[in-house]
Amino acid sequence: MMILSKLLIVASMALPAAQAFTSPAASVARLHQRENTLTVLSAETPTTEDAKEGQAIKEFLQENYPLFESTIFSQIPNVYASLKNEPFTIFCASDAVMVDIDQKRKLQISDPRNVEITEKLASYHFIPTGKVTRERLQREDWSVPKTADGVAALSIGGVLTAGGELRVGRSKSGGFMGFGAKEDGGVVIGNNDAKIVKSVNVGKEGIIHEVDALVAPDLIWRYFDQLRIPGF
């Protein structure tokens with residue numbers, strides 16, 4: 001676990017808000033290059049106003065997304081203390097999503113021996129460097145040619161979370177066995193195509209996007225699988 005810890009935890013500087021986005025042309029390889037990095041949030045003592053802001057966000061999550069807050073988001077060290085009335089974005093899975101997580105994965109997430117990996121998983125759901133609205137994610141880029149089927153490209157190809165880069169794409173529905181599906185005007189995050197169900201502004205400068213799946217890359221479960229759970 002010591003070697004794994006060194007691979008997973010690499011302190012990085014806070015990024016300016018403009019760096020919360022990546023261009024559509026950004027290579028997918030960047031995502032894999034960032035797989036083993038984790039932004040370590042500052043542990044400096046928050047002011048009274050900052051503490052109130054962090055507490056308000058915590059209470060909102062506990063009331064509306066209790067399973068996600070307790071199992072995933074709260075595992076990020078100093079996460080609430082880091083919310084200092086500055087723009088931020090959270091991709092939050094509903095309780096229905098959390099309940100449907102495979103039992104093996106639930107055990108792996110809660111196992112204290114996996115604390116570093118769980119922090120990494122959680123960090124993919126948090127952008128501490130900017131408020132990324134749904135409208136911004138869906139904005140089209142008319143400066144480049146449309147695709148073969150006449151669809152305009154999105155102006156951003158991904159977002160940079162505390163855990164690493166996640167792609168942004170258009171959601172699709174309909175079709176059969178993965179064929180014939182058409183874009184439905186929505187937006188998806190990550191390689192699991194986690195669709196944004198709804199968005200709500202929280203605090204002074206924050207936004208929470210409810211998603212229908214965890215947004216972290218599937219690759220992260222390989223690290224969890226290195227720790228065998230008896231009976232699985």
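Residues are numbered from 1 along each chain as its sequence is written, and side-chain values use heavy atoms, with hydrogens and water left out. Because the model is predicted, local features need pLDDT of at least 70 and side-chain atom pairs count only at pLDDT 80 or more, while totals for chains, interfaces and linings use all residues.

The secondary structure of the chain consists of 9 helices and 10 strands, assigned as DSSP runs (helices, H or I, of at least four residues; strands, E, of at least two) and numbered from the N terminus. The chain has 232 residues, of which 42% count as buried; here buried means under 20% relative accessible area, exposed over 50%, and partly exposed in between (1.4 Å probe, protein chains only). Among contacts with a separation of 6 or more, 70% join residues 24 or more positions apart, a contact being defined by heavy atoms within 4.5 Å.

In soluble globular proteins, nonpolar side chains tend to be buried together. The largest nonpolar core contains 48 residues, and the members that touch the most others are Leu61, Phe68, Phe73, Ile90, Phe126, Leu137 and Val159. Strand 2 (residues 88-93) gives the most to this core, with 5 residues. Such a core is a set of buried Ala, Val, Leu, Ile, Met, Phe, Trp, Tyr and Cys residues joined through side-chain atoms within 4.5 Å. When residues up to four places away in sequence are not counted, isoleucine 90 touches Ile57, Leu61, Phe68, Phe73, His125, Phe126, Ile207, Ile208 and His209.

The structure holds 3 salt bridges, each defined by a side-chain nitrogen of Lys or Arg within 4 Å of a carboxyl oxygen of Asp or Glu. In one of them, the side chains of aspartate 111 and arginine 113 meet at 2.8 Å, N to O; aspartate 111 is buried, with a relative accessible area of 13%, whereas arginine 113 is partly exposed at 46%. Arginine 167 pairs with aspartate 193, the closest N and O atoms being 2.2 Å apart. Glutamate 210 forms a salt bridge with lysine 198, with 3.8 Å between the closest N and O atoms. This pair links distant parts of the chain, with glutamate 210 in strand 10 (residues 206-211) and lysine 198 in strand 9, 12 residues apart. Glutamate 210 counts as buried at 13% relative accessibility, while lysine 198 is partly exposed at 47%.

Backbone geometry provides a further point on aspartate 193, whose phi is near 55°, a positive value in a residue other than glycine. Asparagine 78, also not a glycine, has a positive phi of about 60°; asparagine 78 lies in the loop between helix 4 (66-71) and strand 2 and is partly exposed, with a relative accessible area of 35%.

Finally, serine 123 lies in helix 7 (residues 115-123) and is buried, with a relative accessible area of 1%. The side chain of serine 123 reaches the backbone oxygen of glutamate 119 at 2.8 Å.

Key. A polar contact is a pair of N or O atoms within 3.5 Å; within protein, one must be able to donate a hydrogen and the other to accept it, and residues adjacent in sequence count only if both atoms are side-chain atoms.
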